[in-house]
Amino acid sequence: MSDMAGGEETAADGSAAWWGRRAWELLEMVRARAPLVQCITNFVSMDLMANALLAAGASPAMVHSLREIDEFTPRADALCVNVGTLSDGWLPSMRAAAAAAARSTRPWILDPVAVSASEFRMEACLGLVALWPTVIRGNPSEIIALSSACRVRDSKGVDSFHESLDAVESAKSLAQSSGAVVAVSGATDFITDGQKVVAAQNGVAMMQKITATGCAVTALIAAFVAVEPSNPLEATSCALSIFGLAGELGMEMANGPASLRVHMIDSLHGLHEHTVASRVKISLVS
């Protein structure tokens with residue numbers, strides 16, 4: 001980090017240069033430490049989540065059996081819980097793992113996929129929020145619904161009916177009530193701890209045509225928070241921007257969603273300092 005005339009430069013200064021250096025620093029930490037990220041996630045996302053974590057330098061573990069939680073979760077560096085294919089069989093594992101992570105002071109990240117789809121899903125997610133996640137990441141409609149504990153009418157599965165800016169106040173409210181950093185994904189990602197709001201603007205629209213990109217970035221957030229648990233706001237902001245940047249670089253070589261998926265993972269693996277420092281787009285909003 002650089003020194004300014006009035007002292008050490010921090011995120012509060014909001015400079016693009018500072019955020020670029022910070023994103024690179026955290027990515028290097030992930031690569032050096034290879035944090036073990038336990039993922040209790042949906043069937044659709046397992047492959048992309050694991051490959052994104054590996055490409056970034058982390059170590060994925062898709063461990064969801066209730067019988068393994070007490071032994072395994074405390075040894076993981078972070079936990080990612082994704083309710084995409086929620087079931088009666090997996091919910092106890094999610095709850096037990098979240099509780100174990102909290103007891104072990106390990107960060108854990110919640111992805112409340114399609115929280116408005118059913119009462120069962122809403123109740124499950126509210127119960128998980130009560131177990132003190134470190135970060136909650138969702139699309140705008142998911143964050144609005146979870147913040148109000150009220151299902152969004154006419155919701156369409158994982159799709160959002162709102163823009164990310166529409167959910168900023170809901171995200172701040174949810175952060176204040178849950179104690180978590182809350183990230184709202186969209187064309188611009190907004191991240192808040194209930195007071196500060198940060199915007200991350202990397203990414204391409206084609207990423208929405210690849211299933212589980214949102215799930216994968218939640219896992220990447222877990223890896224970044226694992227190496228910087230004292231500042232989940234910065235870690236989350238940098239993870240979102242890094243993943244979006246990988247999508248931008250991948251899109252330069254892709255012909256469509258399938259090839260973008262491959263090139264995005266390759267680009268995430270091959271990121272270097274100059275590219276990150278010059279192309280990360282993160283700013284302090286308030």
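Helices and strands here are DSSP runs, numbered from the N terminus. With that settled, here are the views of this predicted model.

**View 1. Val113 sits in a loop.** Look for Val113 in the loop that links strand 6 (108-111) and helix 5 (119-129). Is Val113 buried or exposed? Its relative accessible area is 9%, and buried means under 20%, so Val113 counts as buried. Now find Leu86, which is 27 residues away from Val113 along the chain. The C-alpha atoms of Val113 and Leu86 are 9.1 Å apart.

**View 2. Helix 1 meets helix 9.** Helix 1 covers residues 16-33, and its axis comes within 9 Å of the axis of helix 9. The two cross at roughly 90°. Angles of 65 to 115 degrees count as roughly perpendicular, so that's the word for helix 1 and helix 9. On the helix 1 side, you can pick out Trp18, Trp19, Arg22, Ala23, Leu26 and Leu27. Across from them, helix 9 brings Glu234, Ala235, Ser237, Cys238 and Ile242. Sort the residues of this contact by type and you get eight nonpolar, one polar and two charged.

**View 3. Helix 9 packs against helix 10.** Here helix 9 (residues 232-251) and helix 10 (residues 257-270) have axes 7 Å apart, at an angle of about 125°. That angle makes helix 9 oblique to helix 10. What is the handedness of the crossing where helix 9 passes helix 10? It's a right-handed crossing. From helix 9, the contact uses Ile242, Phe243, Ala246, Gly247, Leu249, Gly250 and Met251. Helix 10 answers with Leu260, His263, Met264, Ser267 and Leu268. By type, the residues of this contact split into eight nonpolar, four polar and no charged. Spot Ile242 again: it takes part in the contact with helix 1 and in the one with helix 10.

**View 4. Zooming out to the whole chain.** Count up the secondary structure of the protein chain and you reach eleven helices and eleven strands. What about contacts between residues at least 6 apart in sequence? Of these, 70% join residues at least 24 apart.

Note on methods
Residues are numbered from 1 along each chain as its sequence is written. This is a predicted model: local features need pLDDT of at least 70, side-chain atom pairs count only at pLDDT 80 or more; totals for chains, interfaces and linings use all residues. Side-chain values use heavy atoms; hydrogens and water are left out. Axes are lines fitted to C-alpha atoms, for helices over the stretch in contact, and angles run from 0 to 180 degrees between N-to-C directions. Helices (H or I, at least four residues) and strands (E, at least two) are DSSP runs, numbered from the N terminus. Angles under 35 degrees count as roughly parallel, over 145 as roughly antiparallel, 65 to 115 as roughly perpendicular and the rest as oblique. A crossing is left-handed if the near helix is turned anticlockwise from the far one by less than a right angle, and right-handed if clockwise. Contact means heavy atoms within 4.5 Å. Ala, Val, Leu, Ile, Met, Phe, Trp, Tyr, Cys and Pro count as nonpolar, Asp, Glu, Lys and Arg as charged, and the others, Gly among them, as polar. Buried means under 20% relative accessible area, exposed over 50%, partly exposed in between (1.4 Å probe, protein chains only).
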